[in-house]
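Thank you for making time this morning.

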Amino acid sequence: MEFLYYFGDVFAPVSFGLLILGTVGGLILGATPGLSPTMAVALLIPFTFHLQPVQGLILLGAAYTSTVAGGAVSAILLKIPGAPANIATTLDGHTMAKQGKGAKALQLSFLASAVGGVIGVLLLIFLTPVLSKWALAFGPSHLFWLAILGVTVIGSLDSSSVVKGLLSGCIGLWLATIGFDDIMGAQRFIFHPALGGGINIIAALIGLFAIPQVLTMFAKGRSDKGAEVIAVEKHSVIDAVREVARQPRALSIGTITGSVIGLIPGVGGQIAGLVAYDQTKKFSPNRDQFGKGHPEGVIAAEAANNAMVGPSLVPLLTLSIPGSPTAAVLLGGLLIHGIFPGTDLFDNHPDVAWTFINSMLIGQILMCIFGLYVAGLAARVAQVPQSVMAAVVLGLAVFGSYSVQSSMGDVYVMAALGVMMYFLERFGFSAAPLVLGLILGPIAEANFIQGSMIAGATDGLGAYFLSGALNIALIGAVVASIIYSSWMEIKSRRYTSKEEIMG
Amino acid sequence: MTVPSLPRVQHIVASGVIAAVGCWVAWVSYTQQPAEAFLFPRLISTVFVVLALWTFAKALMGWTKVGHGLGRIDVINLFPGLIIALIYVFWLAKALGFYTAGAIVFFILLAIYDPAPHRELKTWIKRIIITACYLVVMYGLFAKLLKVYTPREVFF
Amino acid sequence: MKKLILGATLALTTLAGGAVFADDYPERPVMMMVSYGAGGATDFQARIVTMTAGNEDALGMPIAIINKPGAGGRVGWNWFATQAEADGYTLGAYNVPHFIAQSIKGGVEYSTDSFEPIANWGADPAVFVVATDSPMNSMDDVVAFANENPGKLTFSGAGLFVGHHIAALQLEKAAGVKMAYIPTKGGGAAAMKAVIAGEVMGGVNNLSDAFRAQEAGNVKILGVFDLERNAFLPDVPTLKEQGYDIDNASVNFRGIMVPKGTPPEVIDTLAATVPEMFKNGKVSKKMDAGGSPMHIMTRDEVIEMWAAREETLKELLAGL
């Protein structure tokens, strides 16, 4: 209960001002294509040079929580996920926006984010010692199986054909190997100098999601009158609260998946949203509604990616090991002020530690309030005429992908992948499994190689990868996931009518 | 359906291209050195080739269930925008600077796809105003707020 | 075609450069490429040492950090050598011995000749760490274990042909043992996590990160791969003190460089101002707070250091 004691500090005028600044700024930065939470936090570090440690951290903590939620704005309205965490949000969120329900989608996403986020931070407050053990329990072999578990999700994710879903995943896995191999340093598949640095995930996300969008709008031509959406449905906040309360399953699956997976160093943040989305879909009686603008999809994805924020800081705050790129940047923010995370932090600087954590708690709520306030207005983006929209998204894609690393190469990669994805989509492939492959490929590969090196020096490959309770549990989950997907595929085959096959 | 429909031919071509890419990836993976670095690509490319050939076979047999291919109207509508977008990304953005090129391309795209009548002066004024707004927002967001230094050649 | 464009660009920049650069440089913000991820030790230090760049007595223009991480730094340096514009507005952070070792090993498009050093800001020695509950308490224990179990002692480091790997190679050579070096993806932080979580038996890591981990009670530091003990760890003996003939070849020198072809006027301006910028009291205070040892060297000293390092590394890596 120590944290309650430091709540007052958050509400000191300067601190609270910074909290609001961080939250609002974070939402704007998060909604800008090409700016991932990591980059947004890194951008803010120089400002903290001039602030007290506590104040600096309040700014960073608030910015972190709200950039993650802000990513949902561009995911829903423009179909450009701001970060890997928001990929799953595009699936149903953007569909809802296209149906004129943008306001509702945004409200649901902010409410779900706040619920997930607050629970995530509470876990950080109360269960840190237990959680830190869990975070360390994942060695290379476990991370490898976890990545494989992610791969098995590919087939069932947003695709009407399992084979094409898997093939999309394979293309993603291959794309991820382009560039320098991370451990050996060998060059692989670099057939153009722009690929020398490999495929940047943020630039790839922009290309794969935004460019097909732009081209689809072009393909409709100028004959189409005006906007995709003529009127944006008004949706009251109270209705949104009711709607979220009606979906406890999506909310709880999202929150639990997000906080459990978010803990695992190096993997969690990126796939939490997608895994939660997939799980919710599997447990939902309305699973055929997913991808067609189902509220559960938005709720699960957003609850998961904000629930991950708190737990993802556990390894950093307890062991001084940054578990995610954003945590690494926050570590820098702490070190600049001479504060070492770890036992030192809670013993000698409890004011800094708890104020920081509290600010994330309050930040979640502020973010939700502010988000709900602008949701109705922001949803009007869907009313922008298509011709303008296509040109704006194209511009944002170019500027956004450039600003990731100030590199023209990333822009080329973005455009090439985007055009490729447009044509692939026309033939029944989808972007989500491809992106999942792109994310999971490097995790699976690096951990497999590292694990096999350790295994080679110790007890052999089989013993290292196949023994131990956690390995066996993960392998069990992989097998269960495959069986479940195949069973669903067979079942759906049986019910597919002849017309559908011809269509 | 007696004659192969347009989508069917397209599906064959598309899955054929993917299968060809898969084979190329597999060939590179199995021939390049050092072998340790290509262990994982070998694994992936094997699965890749199998799945791609399966899809190709399905397309040949006309069993493809999903994807509508490209219609003639789609292609005609898409073509100018796609070409301009490609010129913009791969050449103009760097040659003229991001903001100049961005504004020009924005205006051209608007002129092509905006359904408002071309003959009226009002339409053109509106288009110029929208382009100017776009430029101001992009400049404010990326150059002023985020301080990204994008390539600049002409003007700013 | 590419050469032609390059030539034309070079000609243009020198034409423009001769007139403009001498007095006006820099007239817009400068970018600095760091070839490791945001939040890593190099990135963190680069952000601190460049934070006063905007001051009037320094460059008068801020320096923005751009991260191009991947493959132990190869991605960033390859980009820097081949694609970065040599106009003085694109600086890069170097890590010695990393990029020199990688260029000797091959497979990359850069060498010491591709870059012009400006100044050095820090020197971070490698240290050998084990988890707190490890039975090993000195380097002799480590070597004794490796002697009894050849090739079975697993220890982590940040990648192949980076400072940590050089230190590992030196240790194996000096002690005459065979050990299992496990490179991790994700830099020093991931390598440290592997040690703390018990995935490996030991590890080579940055002194600055290890110092912090030791303060947090997570690891024991058994030895420093340097010529002298470090001010941050006065109680930890060097490897040489413990009887292993290991010099400072693995010490991670960090500094600023520009691509070859940058106008000489710009290099001169930078070489004169940057070391002064590093000496700013604010910088050293922040570096000290973060546990990062500083070591300021001028351009001439760095050129000498690069040459010396290249020679030692060629010798060390010859057998591989």
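Let me start with one place in the chain, and say at once that what we are looking at is a predicted model. If you find H192(A), you will see that it sits in the loop of chain A that runs between β2, residues 187-188, and α10, residues 201-219. H192(A) has 12 C-beta neighbours inside 10 Å, and because a residue with 12 or fewer is called exposed, that is how H192(A) is classed. The C-alpha atom of H192(A) is separated by 43 Å from that of G120(A), and these two residues are 72 apart along the chain.

Now compare that with a residue in a helix, L108(A), which belongs to α7 of chain A, residues 102-136. Is L108(A) buried or exposed? With 31 C-beta neighbours inside 10 Å, L108(A) counts as buried. Once we set aside its neighbours within four places in sequence, L108(A) is in contact with A240(A), E243(A), V244(A), P295(A), V298(A) and I299(A). L108(A) and A300(A) are 192 residues apart along the chain, and yet their C-alpha atoms are separated by 10.0 Å.

Stepping back to chain A as a whole, we have 25 helices and 2 strands, and of its 503 residues 67% count as buried. Its C-alpha trace spans about 70 × 60 × 50 Å along the principal axes. The radius of gyration of chain A is 22 Å, which agrees with the value near 23 Å that a compact globule of 503 residues would have. If we take the contacts in chain A between residues at least 6 apart in sequence, 80% of them join residues at least 24 apart.

To see how helices meet within this chain, please look at α4, residues 37-48, and α5, residues 53-78, both of chain A, which pack at an angle of about 160° with their axes 9 Å apart. That angle makes α4(A) roughly antiparallel to α5(A), and the crossing of the two is right-handed. On the α4(A) side the residues making the contact include L44(A) and F47(A), while α5(A) contributes, among them, L59(A), L60(A) and Y64(A). By class, this contact of α4(A) with α5(A) has 10 nonpolar residues and 3 polar ones, with no charged residues.

A second pair of helices takes us across to another chain, where α20 of chain A, residues 386-405, packs with α4 of chain B, residues 98-113, at an angle of about 155° and with the axes 9 Å apart. Here too the angle makes α20(A) roughly antiparallel to α4(B), and the crossing is right-handed. Among the residues in this contact are V388(A), G395(A) and F399(A) from α20(A), and F98(B), F106(B) and Y113(B) from α4(B). The contact of α20(A) with α4(B) divides into 9 nonpolar and 3 polar residues, with no charged ones.

S406(A) is partly exposed, as it has 18 other C-beta atoms within 10 Å.

Let us turn to chain C, which has 11 helices and 11 strands. Its radius of gyration is 20 Å, close to the 20 Å that the globule rule gives for 320 residues, so chain C is as compact as a globular protein of that length. Of those 320 residues, 61% count as buried.

Where chain C meets chain A, the contact takes 51 residues from chain C and 48 residues from chain A. Which element gives the largest share of the chain C side? That share, 5 residues, comes from α3(C). The residues on the side of chain C that touches chain A divide into 22 nonpolar, 19 polar and 10 charged.

I will finish with two backbone details in chain C. A cis peptide bond joins V96(C) and P97(C), with omega about 10°, and P97(C) is found in the loop between β3, residues 90-96, and α4, residues 98-105. F161(C), in the loop between β6 and α6 of chain C, has a positive phi of about 60° although it is not a glycine, and with 28 C-beta neighbours inside 10 Å it counts as buried.

Terms used. Residues are numbered from 1 along each chain as its sequence is written. Chains are lettered from A and ligands numbered from 1 in the order in which they are written. This is a predicted model: local features need pLDDT of at least 70, side-chain atom pairs count only at pLDDT 80 or more; totals for chains, interfaces and linings use all residues. Axes are lines fitted to C-alpha atoms, for helices over the stretch in contact, and angles run from 0 to 180 degrees between N-to-C directions. Helices (H or I, at least four residues) and strands (E, at least two) are DSSP runs, numbered from the N terminus. Angles under 35 degrees count as roughly parallel, over 145 as roughly antiparallel, 65 to 115 as roughly perpendicular and the rest as oblique. A crossing is left-handed if the near helix is turned anticlockwise from the far one by less than a right angle, and right-handed if clockwise. Two residues are in contact if their C-beta atoms, placed from the backbone, lie within 7 Å. Ala, Val, Leu, Ile, Met, Phe, Trp, Tyr, Cys and Pro count as nonpolar, Asp, Glu, Lys and Arg as charged, and the others, Gly among them, as polar. A residue is buried if 20 or more other C-beta atoms lie within 10 Å of its own, exposed if 12 or fewer, and partly exposed in between; C-beta atoms are placed from the backbone. The radius of gyration is taken over C-alpha atoms; the globule rule is 2.2 Å times the number of residues to the power 0.38.
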